[in-house]
Amino acid sequence: MGMVFVTGGSRGIGRAVCTAFARTGRDVAFCYSRDEDGARETVRQIEREGVGALSLRADVSDESAVKAMFSSLFGIEILVNNAGIALFEQIQSTTSDMWRRVFAVNVDGAFFCTREVIPKFLRRGGGCIVNISSVWGEVGASCEAAYSASKAALIGFTKAAAKELAPSGIRVNCVSCGIIDTDMNARLSDREREEFLSAVPCGRVGTAEEVAAAAVFLAEHRYVTGEVLRVDGGLL
Ligand code: NAP
């Protein structure tokens, strides 16, 4: 079995993805942008599963940092493009810098990592990519235009890459998450949370572990590619 590489593994969904893959017996490497304590905790959780762990500090929106990071990584079998940032802003108050930052992390980051991993997969005779998108990329969210557009781009990227890379034995899939209990949603007031939840048939937010299980499913099902798997409690 090869290694798994996860972007944004220092907390939230990324950490759960790291530990879920560690449980399958694979070594896990991940990157993060700032949270060193969080990264150390993720390393502890991976090692607790009896596999190797490696954490690297690198901003996925930085093309040369991503190149340098991948040049030090060998034996990758699965890439999970999870790193992402949210932006709650009305369109008329979204600056071009805000807009570009959201796209730089959420879209450019996945593109840079995918581009670097392809030659490694080709040398191995195949590989697999799982992108972490959002239901807002499918239906749009009010006051989250930049975020929704970036996540829609990630879905389009997934589908195009799946077609382009399938003949080379590389599968590309995507998890479309609903409302998941992580730091990203910590800004929600109790009232906003209640409002969101009233639209979720399952009646609760999802857990990072539930998203991670979907990522493992997509990575391990060899006849699934170009798929957008919703983990949203029935929201859409
Ligand atoms: P989170 O708790 O805020 O964690 C984000 C992770 O991404 C952290 O590990 C963070 O590292 C890392 N990161 C952020 N910017 C980065 C950069 N430029 N370079 C490298 N790493 C970076 O968020 P989450 O809820 O787990 O979200 C994970 C993914 O799921 C995102 O793509 C998000 O859009 C998607 N998603 C989440 C939800 C939800 O409801 N939570 C719903 C739909 C989709 P640091 O800790 O070092 O900053």
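Biologist: Which residues does Ser 10 touch, leaving aside those up to four places away in sequence?

Modeller: In this predicted model, Ser 10 touches Arg 15, Phe 30, Tyr 32, Asp 35, Gly 38, Ala 39 and Thr 42. Ser 10 itself lies in the loop between strand S1 (3-7) and H1.

Biologist: Why is Ser 10 called buried?

Modeller: The relative accessibility of Ser 10 is 7%, and buried means under 20% relative accessible area, so Ser 10 counts as buried.

Biologist: What makes Gly 12 partly exposed?

Modeller: Gly 12, which is placed in helix H1, has a relative accessible area of 31%; because buried means under 20% and exposed over 50%, with partly exposed in between, Gly 12 is called partly exposed.

Biologist: Which residues does Gly 12 touch, again without those up to four places away in sequence?

Modeller: Gly 12 touches Thr 182 and Ala 208.

Biologist: Which residues of H1 and H8 meet?

Modeller: From H1, Gly 12, Ile 13, Ala 16, Val 17, Ala 20 and Phe 21 meet Ala 208, Glu 209, Val 211, Ala 212, Ala 215, Val 216 and Ala 219 in H8. Sorted by class, this contact has 11 nonpolar, one polar and one charged residues.

Biologist: Why is one side of strand S3 and of strand S7 left without a neighbour in the sheet?

Modeller: The open sheet is formed by seven strands in the order S3-S2-S1-S4-S5-S6-S7, with parallel pairing. Strand S3 (53-57) and strand S7 (228-231) stand at the edges, where each has a single partner strand, so one side of each has no neighbour in the sheet. From one strand to the next, the twist averages 20°.

Biologist: How do you know that strand S6 pairs with S7?

Modeller: Pairing needs at least two bridges, and four bridges join strand S6 (residues 170-177) to S7, the two running parallel. Val 175 stands opposite Leu 229 in S7.

Conventions: Residues are numbered from 1 along each chain as its sequence is written. This is a predicted model: local features need pLDDT of at least 70, side-chain atom pairs count only at pLDDT 80 or more; totals for chains, interfaces and linings use all residues. Side-chain values use heavy atoms; hydrogens and water are left out. Axes are lines fitted to C-alpha atoms, for helices over the stretch in contact, and angles run from 0 to 180 degrees between N-to-C directions. Contact means heavy atoms within 4.5 Å. Ala, Val, Leu, Ile, Met, Phe, Trp, Tyr, Cys and Pro count as nonpolar, Asp, Glu, Lys and Arg as charged, and the others, Gly among them, as polar. Buried means under 20% relative accessible area, exposed over 50%, partly exposed in between (1.4 Å probe, protein chains only).
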